[in-house]
Amino acid sequence: MSDLLFSTIDSTSLLIKNKELSPVELTKLSLAQIRKINSTLHAFITVSAEEAIEQAMNLEEEAQRNKHRGPLHGIPIVVKDILQTDGIRTTGGSKVFQEWVPSKDATTVKKLKKAGAIIIGKANLHEFAMGATTENPHYGSTKNPWDLTRIPGGSSGGSAVATATGMAFGAVGTDTAGSIRLPAAMCGTVGFKPTYGLVSRQGCLPFSWSLDHVGPMTRTVKDAAIMLEAMKGVDPEDRTTVNRNDSVLFKGLQNLEGKKLGFYEPFMLSGIEENVKSVIQKAFQQLIELGAEIIPINLPGIEKALDALKTIAQSEVASFHEPLLKKYGDSYGDDLKYRFQFGCKISANDYINAHRTRRQFIKETLKQMEKLDVLIGPTNVQSPFAIGTMVPEQAISNMFTLGKTPLANILGFPSLSVACGFTIDMLPVGLQLIGKPFADKLVLQIGDCYEKSENWVQELKKNKRYLQAIK
């Protein structure tokens, strides 16, 4: 198995730019890796091999003419199968759209292609992104590469697994309550949820218009910034996007001297397994050794705010699916059928009050963060559980029991999950950073500084226990 497939976007891009590696050669290596292990892991729903090779040939021809589009030129990327792709079916992880082939790309996909990324396929997901496990009854349950009996997290589980196992160099995920960051944490990779409005959601099948985010999933923080730089920007077709031209590409911080990190222990450590807690405490100590100050804070009203998130999300998803349910109701998985029952019972008054609660909580949190750079805590507080042990009634609460990711969604603030170690069972744990609105670059810088101090990339290269499991 080629170590090249586990290299960073940043370093691989230089090989392509210097004509030491061709986009066609790299794409064929990725496709070979998919053929070798995807039947075991179920990370892909659709592999767009012909389209990817055609893209690679065009990009290779450009490279021969010394035309280089940037750091994504010739890099194989997978897209979560909830974003439209021109000429490639987009299922949403559901039988409802199993034959749908869009005639245009989602804005994010279009931007990545323009930057030179090669779309190698569509990643498996929890059906319509409505769950935290990527147990998919229609296309097969995605398996965690560190333990094939366990979930990879969700809903962007296929994206995380493809990135972790060298099938792709990065992925596009979506995040409504943690669906980028939770699978990233559970698969030992990086996931970044941008500030709400920084990245267009045009062409993405919605879960919740008020809470959905589209973001990058990679193996390093720097690679996440490279992808985000190409993805972000105002979009006339998505009126929630904002016109901000500042770059998220960053110079690395040498240390975290002067950085103030807020920590709300009653929430962040509630429900945490001792195995996970010890890894997080070690990561906190490393942040302190880098010069950061960890400051205890209070987040009043947090539980009420998270209840508001559930109300908003379930109400909005029921609204979108109502006409589809009338026609295709029998085609949905059992856990979704249960969740729709909940969403359809929410009153307009409850929905409006949930938004009021959200606005007040954002206001109070910003006050708490006035003198802070980021909030910190675990991404996942539990290890991934065994595939097949979830019942439909649990689906609505899994994201809230497995991790602490929903906080950043109700806020709409940028949030990063970066790998920070393993439990004694050799299962990955993620460290979460949450920044102020549009402080995406700072969040990435702090995460990058921590990541490099732990030599995480080198550790991953040395520790390939999961590769033995999928040979």
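Are Asp175 and Arg181 buried or exposed? Asp175 is buried, as is Arg181, where buried means under 20% relative accessible area, exposed over 50%, and partly exposed in between (1.4 Å probe, protein chains only). The model is predicted, so local features need pLDDT of at least 70 and side-chain atom pairs count only at pLDDT 80 or more, while totals for chains, interfaces and linings use all residues. Residues are numbered from 1 along each chain as its sequence is written, and side-chain values use heavy atoms, with hydrogens and water left out.

**Salt bridges in the structure**
- The structure contains 14 salt bridges, each being a side-chain nitrogen of Lys or Arg within 4 Å of a carboxyl oxygen of Asp or Glu.
- One of them pairs Asp175 with Arg181, with 2.9 Å between the closest N and O atoms.

**Glu454 and Lys282**
- A salt bridge joins the side chains of Glu454 and Lys282 at 3.7 Å, N to O.
- Glu454 lies in the loop between helix 15 (440-453) and helix 16 (456-462) and Lys282 in helix 9 (residues 274-289), so this pair ties together parts that are 172 residues apart in sequence; helices (H or I, at least four residues) are DSSP runs, numbered from the N terminus.
- Glu454 is buried, at 18% relative accessible area, whereas Lys282 is exposed, at 53%.

**Asp10 and Lys222**
- Asp10 and Lys222 form a salt bridge whose closest N and O atoms are 3.1 Å apart.
- Because Asp10 belongs to helix 1 (residues 9-17) and Lys222 to helix 7 (residues 221-231), the pair connects parts 212 residues apart in sequence.
- Asp10 is partly exposed at 28% relative accessible area, and Lys222 is partly exposed at 34%.

Note on methods:
Helices (H or I, at least four residues) and strands (E, at least two) are DSSP runs, numbered from the N terminus.
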